[in-house]
Amino acid sequence: MKHFWVLLKVSVKSMLLTSTGRDKGKRKRAASGMRMALLMAFLGVYLSGLYSNMLLDVLIPIRMEVLLFIYMGIGALVGGLLYTVFAVKGVVFGGKDNDLLLALPVSSTVLMASRMAAIYLESLIMSFFVLVPAGVICAVRTGMGLNVSFFLRLLLATLLLPLLDTALSVLIGALLAFASARVTRGRNWGQNIFMALFLIVVFYFSFNLQGILNNLALHADSIKEGLRWAMPLVWMADGIMGSWQAVGLFALCCVIPCAVVTAGLGRCYRWAVTAFHARSARSDYKLTGQRSAGQTKALLAKEKRRFFGTPGYLWNAGLGLMLLLVMGVAAIVKREALRELSAVMPALPVAAAAMGFCLSTCIITAPSVSLEGRCFWILREAPLAAERIIGVKIAFQLLLAVPCVLISGGCLAFALSLPLWQGIVLIVTMILFAVGCACFGMLMGLCFPKLDAANETLVIKQSMASVLAMFIPMAALGAAGLLYAFVHMWAAVALVAVLAVACAVVVKQRGAGMLERL
């Protein structure tokens, strides 16, 4: 067991800790991944609190509160899968320390168990902050009070559900890793398709929430019967609401799959790590002429290949741009409802806030320097000016963001019936905000580089650069909103413009020097 706890500590650190030190002569500062855990906790509490109250408004009158925990369980399971399944490929099977750990006199099953335990702890965050707030809200609204038995069963369900989540994450991650190792081209399509399907489901439920609630009120009994395909979660919900027998069945459904996956993959872990990194030699090489593209086009092509060829990068850094496009299309479809809503609240600031939020989650430039990794020296040794390298990275984000702003802003202006001048102000302000986000993200990437990260996930999702590049623009957006509310619209526009120009000037003056010192 001593070996297991030591390996678990190493696995958790590899997932949650990143080093942000830059100068070799200085002691590296450990940037804890707890900030990402806090973000997951906040999202879990927010979503659980919001949807629990909406569901209980419908379920309490018909005494079908059990459906609340089925839906919350599905949400926690899917949310945990979304957060961990892409980390499995890099952390469990693709860690840079696998060669070292496999050389130790430790059973590969123990090593696999420690890796899975780290995934379990990450899934537990989502499970806890989705199920527990839902249970508290249910207890308060149904008058249970401090029912010790209820909260004990709720706690057991919260601890057991991540076991099932972990088993599914590791299996899906293993399949994705195996497919990536066997496919020469398009090896990331599996991850992209998985994420796209998840987003389609999320958008479907978001746009049809009211119809789902109305249907739930009319057909609650038949809906529960129709959820037999999710029988473990039905047992979990029945157990929370009072059946200890259901708790036992749910425990078996969680513990047995997790144990089987751990033992099965543990026995073939050495083979899996080797096979998932194998690449078959190509035999179709042909000598052909090479096209001359120029430095800028070559650098843009490199950025494009990395962005669209790395699913974790695409879906974490580019999701905001996809949401911009979806928001524009949804605004056209729901334009009648939006026009009714604009009659009771100012349309321009609401549209700007929604677009600004999406743009602030676009953090393409922030991890771009760190993703160069150990190949960064090749880029620096090339006959390229530092200003050109930085400029291309910023330009790549803007080449993606500006068209999305134009499409989404135009659709929102039409759907909300904004006057022409307000539509122009909206689009110009959001373009300025996009410029500021791109330049500020570049600055954060240069201030907090991580060129020796164990895997890409740490750089994209948990690095200090990515977190600051997302949340500081959100804070600036909030400040602009306060200026709009208490001063004037043009004061908010001026703030966005000043911040964008300031970030661009700082990058222009200091960016090259910061890059050369890396």
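**A helix pair and its setting**

A: In this predicted model, 48% of the 518 residues in the protein chain are buried. The secondary structure consists of 23 helices and 2 strands. Of the contacts in the protein chain with a separation of 6 or more, 84% join residues 24 or more positions apart.

Two packed helices are described by the angle between their axes together with the distance between those axes. For helix H17 (residues 347–360) and helix H20 (residues 420–447), the angle is about 25° and the axes are 10 Å apart. Because angles under 35 degrees count as roughly parallel, H17 is classed as roughly parallel to H20. The crossing of H17 and H20 is right-handed. On the H17 side, the contact is formed by Leu-348, Ala-351, Ala-352, Met-355, Gly-356, Leu-359 and Ser-360. H20 contributes Gln-422, Leu-426, Met-430, Phe-433, Ala-434 and Cys-437. An α-helix has 3.6 residues a turn, so residues three or four places apart point the same way.

Helix H15 (residues 319–333) can be examined through its length and its burial. With 15 residues, H15 reaches 21 Å from its first C-alpha to its last, close to the 21 Å expected at 1.5 Å a residue. The buried residues of H15 are Gly-320, Leu-321, Leu-324, Met-327, Gly-328, Ala-330 and Ala-331.

Just after H5, Gly-143 adopts a positive phi of about 75°.

The aromatic rings complete the account. Phe-150 and Phe-151 form an aromatic pair with 5.2 Å between centres and 80° between planes. This pair is edge-to-face, because planes over 60 degrees apart are placed in that class. The two residues can also be described by their accessibility. Phe-150 has a relative accessible area of 1% and is therefore buried, the limit being under 20%. Phe-151, at 25% relative accessibility, counts as partly exposed. Elsewhere, ring pairs link Phe-307, Phe-308, Tyr-313 and Phe-396 into a cluster.

Definitions and conventions:
Residues are numbered from 1 along each chain as its sequence is written. This is a predicted model: local features need pLDDT of at least 70, side-chain atom pairs count only at pLDDT 80 or more; totals for chains, interfaces and linings use all residues. Side-chain values use heavy atoms; hydrogens and water are left out. Rings of Phe, Tyr and Trp (its six-membered ring) pair if their centres lie within 6.5 Å; planes under 30 degrees apart count as stacked, over 60 as edge-to-face and the rest as tilted. Buried means under 20% relative accessible area, exposed over 50%, partly exposed in between (1.4 Å probe, protein chains only). Helices (H or I, at least four residues) and strands (E, at least two) are DSSP runs, numbered from the N terminus. The expected span of a helix is 1.5 Å times one less than its number of residues. Axes are lines fitted to C-alpha atoms, for helices over the stretch in contact, and angles run from 0 to 180 degrees between N-to-C directions. Angles under 35 degrees count as roughly parallel, over 145 as roughly antiparallel, 65 to 115 as roughly perpendicular and the rest as oblique. A crossing is left-handed if the near helix is turned anticlockwise from the far one by less than a right angle, and right-handed if clockwise. Contact means heavy atoms within 4.5 Å.
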